[in-house]
Amino acid sequence: MSDNARRPNSTARRPGLTILSLLLSILVLTPVLWIVSLSLKTGRETLRPGLFPDDPQFANYIEAWSRYGLGPLFVNSAVITLLSVAVTVVVAMCAAYAFAKIPFRGSEWLFSLMLLGLVVPPSALVVPLLIEMRYLGLYDTRTGLALIYVAFGLPISTLVLRGFFAGLPGELIEAARLDGCSEPQILRRIVAPLAKGAISTVVVLLFLANWNEFILALVILRSPDSFTLTLGINAQLGQYTSDYHLIAAASIIAALPVYAAYLALQRQFERGVTEGALKA
Amino acid sequence: MTGKHSLQARARRPPRRASNAQVGFALAAPAVFTFVGLVAVPVVAVVLTSLTTWTGFALGDIEWLGLGNYLTMSQDPIFWRALTNTLIFTIATTVLLNIVGLGLAVLVDTRVPGTRLLKAVLFLPVLLSPVIVGLMWSGLLRGVGGGLNQLLDFLGLINQPVFWLGDSRFALAAVIMATVWQFAGYNMILYYAGLQSVPQTLLEAAELDGAGRRDKFVHVVLPALYHVMGVVVILNVIGGLRIFDIVYVMTRGGPSRSTEVLATYMYEQAFQLNAMGYAAAIAVVLILLAFAATLLRARMLRHV
C-alpha cells in the first residue's frame, strides 16, 4: 500500500516535524514508562515520586508471575484464543465461500442477518448467553467462552472473507468443478491457498479481540482455574492494594506477548486492523 | 456461461448426489446456526426479558410485566445519568479520536525521520486489553503516589494530591482521556490508510493551480477521506456506546455515579441486584442506540 517513490517530498528533511514526532512518541509512551518504572520499584518505593528506582527489582516479575499464577492464566487465554480463532476461521471460510460462490435460496438474507451482528454490543447479551451456557452445560468452561467468541467473530470474518472470495474469477471454480472436485475440495485446495492475505487479516482481528476480551469472560467464567489473563489481573484489583509494583509487573507481562507478535508481524497487524475496519 | 458449463458437466458425469444449493446451505449452516443460537436468539431473549419481572436465574421465576421496566426506567435518575454519561463519553471520544487520529496520520504520512517510531509507539496501546489500560491509568491517576500528581507536584502546579478518579468533577474526563490514549493509534492507522488513496494527480493539479498546503488539505485531501471518515466515526460511536471494561476497571461507575454508563449500570442490575428484567430493558436501549447510529450513518452516506 505504501509507495515511497510516489511522494517526492518525503525524503526532504523537516527537523521540526521530526522533533514533533519524537515529542509525541515520548508523550504517548510516558504512561507505559511510568508503569515500567513502577514495576521495578520496591513495595516501599512505590509511593515515592521519581522515574528511576534506586535499585531496580527485576525479581518483581518473578514474584508477580508466581503470586498471581500468571502461567495458568496464560495457558487459559492461549487455549481459548487459539480454539476460538481456529474454529471461527474454518466456519467463516465455509460460509463466506457459500455466500460468495454457491448462492442458495435465502443466502443473501442470511448474510444480511449476520451483518447485523457487527452492531450488537456483546455486553447487552450477557444474561441470555449465561442462561444458554447453563443449559448447554458449558457455563464456566473454556469451551463455552470460546464458542461465544466464535459466534461474535463470525460476522466480521464472514464479511471480510466473502469480499475476497467474491473477487475470485468464476472460471477458476468452474474449471475445478468440471474436473470433478467437490465444493469442500475446491475450498480447501484452490480457494484457501489463494486467500492467505484475507485469512491473516481475520486472524489478526480475532486474535486481538479474543485475547483482550473482558465482559463475556467475566460473566461466563466463574472459577479462578478457568480465568483468562484479563480476568485474573482484574481479580487482583483491590485484593492486595498495596502491591502496585507487582500488579504493574503483571500488566507488563500480560502485554508483552501481544506487542512482541506485533513487532514481528507489523505489516500483517496493520493491514489486518485496517482492512478489518475499512472493508467492513 | 455458468449454465452452459454445468450443463456440460451434467451431460458428462453421473448426476451429483446433492444439488449445488444444498451444498451451499450445508457450508453456510455451521456459521448461520452458531450465529443465530448465540447472537440472534439472545437479542430476541433480551427483548422478551425486558418485558418481564425476573429476579434471579431460574426460568420459573419469570413474570410478565409488559412495559413496566421501561416506565421504571423513564423515572430512574440513575438510568438517565448512565445514558447521559454514555452519550457524553461517546461523543467526546469520537470527536477527540478523529481530530487526534487525523492529525497524527497526516504527520506520519510525511514520512520524515521519527514517524516510523511514532507509528509503532501509537500502536502499542491499541494492542492492549482495556483492562490493562484501565489498570495503568488507575495507577497514573491515583491520588497518593500517582504519576500525574507526582508530575504536577514536581512542576509546582499543585500542593496537595488531587484524587482524579475519586472526584466526580474529573472521573469521566479521566476515563475519556484513557480511552483516547488507547485508540488514537487505531484511528491514526485507518486515516493513514485513507491518505494513501488520495489521488496524487489531484494534489499535483492543485499545486499547479497554486494551492497552498491548507487549500490542498481542505479541498483535495479531506473530500477524498469522507468515506474513511464515515467508517471511522461509526466504529468509534459503536465502540463508545458499548464501553464497559475501562470504566469497570477504573471507577466501577463511581464516584457517586459520575462515570456510570449503560453497560456498567446494566451489569450492576443483572449481577449485583439480580434484576434481570430491568437489566434487559437497559440492554435493549443499548442495542437500539447502536442500531440508530448505524442507520443514521447509512442515511448520511446516501446523501453524500
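This is a predicted model: local features need pLDDT of at least 70, side-chain atom pairs count only at pLDDT 80 or more; totals for chains, interfaces and linings use all residues.
**Helix H8 of chain B**

Select residues 171-196 of chain B, which form helix H8. The helix counts 26 residues, and its first and last C-alpha atoms are 38 Å apart, close to the 38 Å expected at 1.5 Å a residue. Now pick B:Phe183: H8(B) bends there by about 40°. Colour the helix by burial and most of it turns out to be covered, with 21 of the 26 residues buried.

**The largest nonpolar core**

Next, show the largest nonpolar core, a set of 175 residues. Which residues touch the most other members? They are A:Ala95, B:Ile282 and B:Leu286. Chain A takes part through both of its assigned domains: at least three core residues come from domain 1 (14-57), and at least three from domain 2 (72-278).

Centre the view on A:Ala95. Setting aside neighbours within four places in sequence, its contacts include A:Thr158 in its own chain. Across in chain B, A:Ala95 is in contact with B:Leu27, B:Ala28, B:Ala31 and B:Val32.

**The two domains of chain A**

Where they meet, domain 1 of chain A contributes 7 residues to the contact and domain 2 of chain A contributes 8. Select the domain 1 side of that contact: 3 of its residues are nonpolar, 3 are polar and 1 is charged.

**Two loop residues with positive phi**

Go to the loop of chain A between helix H5 (126-136) and helix H6 (142-166), and select A:Asp140. This residue is not a glycine, yet its phi is positive, near 60°. Is A:Asp140 exposed or partly exposed? It has 16 other C-beta atoms within 10 Å, so A:Asp140 is partly exposed; exposed would require 12 or fewer.

For the last stop, switch to chain B and find the loop between helix H12 (245-250) and helix H13 (262-272), where B:Ser256 lies. B:Ser256 also is not a glycine and has a positive phi, about 40°. B:Ser256 counts as exposed because it has 10 C-beta neighbours inside 10 Å, and the cut-off for exposed is 12 or fewer.

How values were computed. Residues are numbered from 1 along each chain as its sequence is written. Chains are lettered from A and ligands numbered from 1 in the order in which they are written. Helices (H or I, at least four residues) and strands (E, at least two) are DSSP runs, numbered from the N terminus. The expected span of a helix is 1.5 Å times one less than its number of residues. The bend at a residue is the angle between axes fitted to the seven residues ending there and the seven starting there. A residue is buried if 20 or more other C-beta atoms lie within 10 Å of its own, exposed if 12 or fewer, and partly exposed in between; C-beta atoms are placed from the backbone. A nonpolar core is a set of buried Ala, Val, Leu, Ile, Met, Phe, Trp, Tyr and Cys residues joined through C-beta atoms within 7 Å. Domain bounds come from an automatic or database domain assignment. Ala, Val, Leu, Ile, Met, Phe, Trp, Tyr, Cys and Pro count as nonpolar, Asp, Glu, Lys and Arg as charged, and the others, Gly among them, as polar.
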